[in-house]
Amino acid sequence: MHARSLVAATLLAVCVANTHAQSTVATTPDRLVAAAKRAAGSDHAGTFLRICVAPDNLNGTPRPPPTRAAPDRAAWYAHPYKVFDNLYFLGTQIHSAWAVTTSAGIIVFDTLFDYAVEPEIVDGLSTLGLDPKNIKYVLISHAHGDHDQGAAMLQSRYGAKIVMGAADWESTLQRPASAPGGVPKRDIAVGPEGLKITLGDTTIDVIATPGHTQGTLSYLFPVRDGKRTLTVAYSGGTAFNFPRAAENFAIYRDSAIKMAAAAKAAGATIVMSNHTEFDRAWDRARIAQLPRAQGEKHPYEIGTESVQGYFEMMRDCAEAQRLSMN
Ligand SMILES: [Zn+2]
């Protein structure tokens with residue numbers, strides 16, 4: 001990395017992270033990992049473990065997620081849950097899919113492995129009293145099979161528009177027609193400038209965050225909790241299972257800085273992700289069913305500082321790996 005761009009990145013990081021200024025002056029891998037651990041705190045310990053401690057690509061490029069036949073249903077099936085007044089969990093025990101309801105139809109985030117799309121998303125919506133025919137958009141966080149194999153079916157059966165990062169459309173369209181779940185037809189491609197998707201009364205701010213894949217997308221969107229409206233920062237790609245190259249870590253780091261700034265500007269007090277290990281989605285979806293004491297927060301509400309800490313941790317874990325390669 002050139003000295004000038006390192007300075008620029010550090011300055012930008014300081015601007016983004018003035019509440020964790022300590023973490024931004026770290027310039028060795030060990031110090032960055034320590035800073036990331038502080039930024040993660042107890043809220044994000046699982047994600048810290050996954051990307052800062054022996055990350056997946058430590059020995060080169062790891063295998064992509066498995067595309068095996070359906071494993072034992074008891075090992076993945078999760079009941080669907082209403083989590084906010086306009087947000088429904090449709091994921092498995094391991095991977096998340098969500099439905100955002102609007103005044104003009106449903107937006108689905110991610111589509112799981114092909115074996116899970118029917119029982120979790122289609123049947124899940126029906127169980128919750130929602131009609132899958134009303135799915136208007138399907139947003140794919142990134143083109144790995146655990147998140148996108150259900151997309152082609154939702155497109156062909158319900159006419160849903162599929163939204164994906166431009167680079168991830170390229171890789172998706174190269175798949176053979178026999179790929180699990182089939183191959184969706186190109187719909188809406190999101191470039192580096194991002195995109196706002198408005199359906200009825202709801203707008204999803206789609207932010208290009210390359211790193212996990214080149215076309216990874218993250219989001220900001222509103223959720224309603226009774227009379228309150230809260231903002232979610234949704235992180236679309238997390239693990240370091242891309243080829244181990246300094247420039248890839250720099251791209252990932254810069255996307256984390258970008259998301260931290262976007263989340264801060266939007267006042268996001270919630271972080272969500274697409275693997276339940278990163279945001280405890282399956283646990284929180286069930287906890288959200290319990291009655292709350294007077295003044296008790298929604299189980300997903302962690303506050304603006306902790307949201308910043310999540311993206312600072314991503315930034316510092318990536319920077320630690322990048323520096324360790326020099
Ligand atoms: Zn992935």
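The largest cavity is lined by 14 residues, of which Thr209, Ser235, Gly237, Ser255 and Met314 lie nearest its centre. A cavity is a set of points, on a 1 Å grid over the protein atoms alone, where a 1.4 Å probe fits but cannot get out, and lining residues have an atom within 4 Å of a point. The model is predicted: local features need pLDDT of at least 70 and side-chain atom pairs pLDDT 80 or more, while totals for chains, interfaces and linings use all residues. Residues are numbered from 1 along each chain as its sequence is written, and side-chain values use heavy atoms, without hydrogens and water.

Two elements, helix 9 (246-266) and helix 12 (304-324), each give two or more residues to the lining of the largest cavity. Helix 9 supplies the largest share, four residues. Helices (H or I, at least four residues) and strands (E, at least two) are DSSP runs, numbered from the N terminus.

The structure holds two cavities of 30 Å³ or more. A volume is the space filled by probe spheres set on the grid points, which are joined across faces, edges and corners. In the table, Ala, Val, Leu, Ile, Met, Phe, Trp, Tyr, Cys and Pro count as nonpolar, Asp, Glu, Lys and Arg as charged, and the others, Gly among them, as polar.

| Cavity | Volume | Lining by class |
|---|---|---|
| Largest cavity | about 90 Å³ | six nonpolar, eight polar, no charged residues |
| Second largest cavity | about 40 Å³ | four nonpolar, one polar, three charged residues |

Among the residues that line the second largest cavity are Asp43, His44, Arg284 and Tyr310.

The zinc ion has the protein donors His142 (NE2), His144 (ND1) and His212 (NE2), 2.1 Å from it. Donors are N, O and S atoms within 2.8 Å of the metal (3.2 Å for Na, K and Ca); water is not among the atoms, so sites may look incomplete. Histidine 142 lies in the loop between strand 5 (135-139) and helix 6 (145-148), and histidine 212 in the loop between strand 9 (202-208) and strand 10 (217-225), so the pair ties together parts 70 residues apart in sequence.

Five strands form an open, mixed sheet in the order 8-9-10-11-12. Its edge strands, strand 8 (195-199) and strand 12 (270-272), each pair on one side only; two strands pair if DSSP finds at least two bridges between them. Strand 11 (residues 228-234) runs parallel to strand 12 and is joined to it by three bridges.

Terms used
1 Å grid on protein atoms, 1.4 Å probe; cavity = no way out; pocket = protein on both sides within 12 Å on 5 of 7 lines; lining within 4 Å.
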